[in-house]
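Please read each point with the structure in view.

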Amino acid sequence: MTESLPASVFPADFLAGRVILVTGAGGGVGRAAALAYARHGATVILLGRAVGKLEQTYDEIVAAGGPQPAIFPLDLASAGDAEYQAMAEAISYQLGRLDGILHAAAAFEALSPLDMENVEGWTRLFKVNAAAPAAINRACAPFLSASDLASVILIGESHGHAPVAYWGGFAVSKAALEAYFRIQADEWSDKPMRVNLVIPGPLNTPQRARSHPGEDKARLPDINALTPTLLALMRPGAEAPRGRLIEGLDTLPTAP
Ligand SMILES: NC(=O)c1ccc[n+]([C@@H]2O[C@H](COP(=O)([O-])OP(=O)(O)OC[C@H]3O[C@@H](n4cnc5c(N)ncnc54)[C@H](OP(=O)(O)O)[C@@H]3O)[C@@H](O)[C@H]2O)c1
């Protein structure tokens, strides 16, 4: 089992004054990262489809003394370019800047043979897992490029990197995300924005409980095991990683 690194390896306020959008902030990796970013001084925009869950994350940040977050409810399965454009403009208008995005929202459907899947399910998976991160980045790019080397983090999946039977449209959507990552990293190679893709391996989250329902959760890495990496990748500074595909928890950068 991989232990979480203590958050204390990061300076308490190294994200002070920065504004970070976190998708999927109502649960799983997104919620854990949003709490950590706020704990280190960032103003966090909490995006997800369930307002109640976002409010819980909001309340935890405020109770811990973090900067007041913002809530942006949006269903990535139905949103289009107009909604993403409006979101980016609202962030700029209300918060004045955008320094980073963590794309932690993901759609998952039960594992099944390809014969059992359908175009509606594939479309939903592709929209949430690949098209939405690309569209959000596109809409936010004018504001990200005004920051000092803004950081965008995508979260891939081992079955998108090396697909196998029964992972179906989910694996295809994550493979698409990885292809998008390579294109975007190339196109941003001379821009003041960087993008990295993390493939963490198993983590004890709600999604993992759906993909592996019979597994002993006590043997899984803690939900916060990825948090040090997500903090390190969000740090400002020209020496920060860019265009990197980071696989596994053990090889990840840790402290800024
Ligand atoms: N957990 C693992 O073992 C593991 C391993 C490798 C990679 N990953 C990747 O890590 C990332 C985070 O995964 P996780 O385990 O934290 O997943 P999770 O627990 O299922 O959380 C995913 C989040 O995405 C949100 N979401 C789902 N569909 C949405 C939609 N249509 N619009 C807006 N938000 C939506 C969910 O909101 P609701 O609560 O409303 O559903 C939830 O907050 C994903 O990209 C996942 O593929 C996870």
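1. In this predicted model, Phe10 and Phe14 are both buried. The count of aromatic pairs comes to four. Phe10 and Phe14 form one that is stacked, with 5.6 Å centre to centre and 20° between the planes. The pair counts as stacked because planes under 30 degrees apart fall in that class.

2. A further group of rings deserves attention. Phe108, Trp167 and Phe170 form one aromatic cluster.

3. Which residues line the largest cavity? They are His103, Ala105, Val128, Asn129, Pro133, Leu154, Ile155, Lys174 and Leu177. Helix H4 (119-144), strand E5 (150-155) and helix H6 (168-187) are the elements that give two or more residues to this lining. H4 gives the most, with three residues.

4. By class, the lining of the largest cavity comprises six nonpolar, two polar and one charged residues. Lys174, one of the lining residues, belongs to the charged class because Lys counts as charged.

5. The second largest cavity is lined by Leu203, Asn204, Thr205, Arg208, Ala209, His212, Glu215, Lys217 and Leu220. How do these residues divide by class, and how many fall in each? The lining has three nonpolar, three polar and three charged residues.

Notes:
Residues numbered from 1 in each chain as written. Predicted model: local features only at pLDDT ≥ 70, side-chain atom pairs only at ≥ 80, totals over all residues. Heavy atoms only, no water. 1 Å grid on protein atoms, 1.4 Å probe; cavity = no way out; pocket = protein on both sides within 12 Å on 5 of 7 lines; lining within 4 Å. Helix = DSSP H or I, 4+ residues; strand = E, 2+ residues; numbered from the N terminus. Phe/Tyr/Trp six-rings, centres within 6.5 Å; stacked < 30°, edge-to-face > 60°. Buried < 20%, exposed > 50% of the residue type's maximum accessible area, 1.4 Å probe, protein only.
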